[in-house]
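Reader: Could you walk me through this one while I have it open?

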Amino acid sequence: MAFLKGAHSAVLYEYLKRYQEDPTSRVFAPLAESYRKAGLAKEAVEIAREGLRIHPNFVGGRVALARALFDLKQYEDVLLELGQVCRDVPDNLVAQRLVADSALILGRSEEALEAYKLLLYFSPGDAEAEKMVLELETTAYRQAPQSLRKDADIARHYEARQAGE
């Protein structure tokens, strides 16, 4: 790791030292995050997965793993890692944003909208989340008229049957 320079290297080395002293500690999460910030996302994934084998319910570890997966453009895996986190800890803003952004990239508009709405609920001043909610709702509304017409046709049919009885 002698190739690392700058602010990230000192922090990374400190976490690495602590991790080597006690590989069962939860320091794997900030170590993985340090690897990610240093541009070593694959190493971050590896260390996070290793730590999660020991601490499978550690939310910070799941989020660190998901951030590295996001950097590697493994959006399906991000959603898999954070599904339970977002159900258990819906106010985890980092997890919600990763889920929202990953779902959006994957074209899962409803899932993205739900996550952006939760972000907005827990962080009402989040302009980015507000913008995305508006865009996704507007798109959904524009795509809805055909299904709304079907609903209206069914209603007219039902009303006509009622009037004929």
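Reader: Is F122 buried, exposed or partly exposed?
Author: F122 is partly exposed, because its relative accessibility is 33%, where buried means under 20% relative accessible area, exposed over 50% and partly exposed in between, with a 1.4 Å probe and protein chains only. This is a predicted model, in which local features need pLDDT of at least 70 and side-chain atom pairs count only at pLDDT 80 or more, while totals for chains, interfaces and linings use all residues. Residues are numbered from 1 along each chain as its sequence is written, and side-chain values use heavy atoms, with hydrogens and water left out.

Reader: How many aromatic pairs turn up in the whole structure?
Author: The search finds three aromatic pairs, where rings of Phe, Tyr and Trp (its six-membered ring) pair if their centres lie within 6.5 Å, and planes under 30 degrees apart count as stacked, over 60 as edge-to-face and the rest as tilted. One of the pairs joins F70 and Y75, which are edge-to-face at 5.2 Å centre to centre, with 70° between the planes. Another joins Y121 and F122, also edge-to-face, with 4.9 Å between the centres and 85° between the planes.

Reader: And Y121, buried or exposed?
Author: Y121 counts as exposed, because its relative accessible area is 63%, whereas Y75 in the other pair counts as buried because its value is 14%.

Reader: Let's step back: how many helices and strands are there?
Author: The protein has nine helices and zero strands, where helices (H or I, at least four residues) and strands (E, at least two) are DSSP runs numbered from the N terminus. Of the 165 residues in the protein, 36% are buried.

Reader: At what angle do α6 and α7 cross?
Author: Their axes cross at roughly 155° and come within 8 Å, with α6 covering residues 93-105 and α7 residues 109-122. Such axes are lines fitted to C-alpha atoms, for helices over the stretch in contact, and angles run from 0 to 180 degrees between N-to-C directions. The two helices, α6 and α7, are therefore roughly antiparallel, since angles under 35 degrees count as roughly parallel, over 145 as roughly antiparallel, 65 to 115 as roughly perpendicular and the rest as oblique.

Reader: Which residues of α6 and α7 make the contact?
Author: On the α6 side they are L93, Q96, R97, V99, A100, D101, A103 and L104, and on the α7 side E111, A112, A115, Y116, L118, L119 and F122, where contact means heavy atoms within 4.5 Å. Sorted by class, this contact of α6 with α7 has eleven nonpolar, one polar and three charged residues; Ala, Val, Leu, Ile, Met, Phe, Trp, Tyr, Cys and Pro count as nonpolar, Asp, Glu, Lys and Arg as charged, and the others, Gly among them, as polar.

Reader: What about α5 and α6, how do their axes cross?
Author: The axes of α5 and α6 come within 9 Å and cross at roughly 140°, and these helices are therefore oblique to each other. From α5, the residues Y75, V78, L79, L82, V85 and C86 meet A95, Q96, L98, V99, S102, A103 and I105 of α6. That contact of α5 with α6 has eleven nonpolar, two polar and no charged residues.

Reader: Where is H55?
Author: H55 sits in the loop between α3 (41-54) and α4, and it counts as buried because its relative accessibility is 18%. Leaving aside neighbours within four places in sequence, H55 is in contact with T24, S25, R26 and F28. S25 and H55 are 30 residues apart in sequence, with 8.6 Å between their C-alpha atoms.

Reader: Last, which residues does V133 touch?
Author: Not counting residues up to four places away in sequence, V133 touches L113, Y116, K117 and L120. V133 is found in helix α8, residues 127-143, and it counts as buried because its relative accessibility is 8%.
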